[in-house]
Amino acid sequence: MRRQIVAGNWKLNGTIPQTEKLIGALLAGKSKNERVTVLVCPPYTSLETASRLLKGSHISLGAQDMSEHDGGAYTGEISAEMLLTVGATFVILGHSERRQFHAESDDLVNRKAKIALAAGLTPIICVGETLDQREAGKTEKVVGTQVSGCLAGFSTDDLKKIVIAYEPVWAIGTGKTATPEQAQLVHAFIRTMVRDMDSKAGDMLPILYGGSVKPGNAQELMAQPDIDGSLVGGASLKADDFIAIISAC
Ligand code: PEP
């Protein structure tokens, strides 16, 4: 049985008071599911608050991005070590919004992921095609290039420690969700690619689906054989919705 994960990506939301309120509601509600690793990824400024509130709980902490550098003259950057010292154990890398608004390439995601792994963080590596690419029949080509670029040079040991999130760009924040069948096809394609690199790593790999996951569609998505949980954006900001998604797993 593969590890199931539900991760909340808060994006640019979550002042310290909002973080206290949301985490308070998650801890007070039924956010525990023995079969699922649950984590939240608040903005950097709320990581310390979240870490303190989550200490000793069943909810883990992740960051939304990380620098490829360990330290030095890189204004605005946050290193892997900084994330570890604040209590984060996961880091989202290569989210489509980082790719779109900050020109992040597969090559950069690859370097960041290697640094995260060396530091002991679990990278959640995001891949996904745009609507134009899907309509042009290029989904597998685009996702395949992203997966091979992001995982280039990984040892088999490293491959066993990563998480991949398939997030079709056209489904993120749009209210449009990939059908369970559409998502399953791409998840199976990604798993086959990783199995070709190392069969055990491919079998173990948690592949999360992301893109307008809501309480109403979570169950049928997560029932697919190669969907091992979800990376949730908008719905992770509402405690009741996030809890319902965790329960659906
Ligand atoms: C995301 O940002 O990773 C995401 C999937 O967002 P949403 O759930 O809002 O589509």
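**Ligand contacts**

I started at His95, where a polar side-chain atom lies 2.9 Å from an oxygen atom of the ligand. I kept in mind that this is a predicted model.

Next I looked up Glu167. In its side chain, an N or O atom is 2.7 Å from an oxygen atom of the ligand. Then I turned to Gly234, which uses its backbone instead: an N or O atom there lies 2.8 Å from a ligand oxygen atom.

How much of the ligand's accessible area does the protein cover? I found 97% of the 290 Å² that the ligand has on its own.

**The surroundings**

I then asked who the neighbours are. The ligand is surrounded by 14 residues, and the closest of them are Lys11, Glu167, Gly173, Ser212 and Gly234. So much for names; I also sorted the shell by class and noted eight polar, four nonpolar and two charged residues.

Which pocket does the ligand sit in? I have it down as the second largest pocket.

**Salt bridges**

I picked one of them to look at: Arg111 and Asp107 meet through their side chains, at 3.1 Å from N to O.

Why are these two about one helical turn apart? Both belong to helix H5, which spans residues 106–119, and Arg111 and Asp107 are separated by about one turn because they are four residues apart in that helix.

Conventions:
Residues numbered from 1 in each chain as written. Predicted model: local features only at pLDDT ≥ 70, side-chain atom pairs only at ≥ 80, totals over all residues. Heavy atoms only, no water. Near = heavy atom within 4 Å. Polar contact = N/O pair within 3.5 Å; in protein donor to acceptor, adjacent residues only side chain to side chain. Areas by Shrake-Rupley, 256 points an atom, 1.4 Å probe, with all protein chains shown as cover. 1 Å grid on protein atoms, 1.4 Å probe; cavity = no way out; pocket = protein on both sides within 12 Å on 5 of 7 lines; lining within 4 Å. Sits in = over half its atoms within 2 Å of the grid points. Nonpolar A, V, L, I, M, F, W, Y, C, P; charged D, E, K, R; others polar. Salt bridge = Lys/Arg side-chain N within 4 Å of Asp/Glu carboxyl O.
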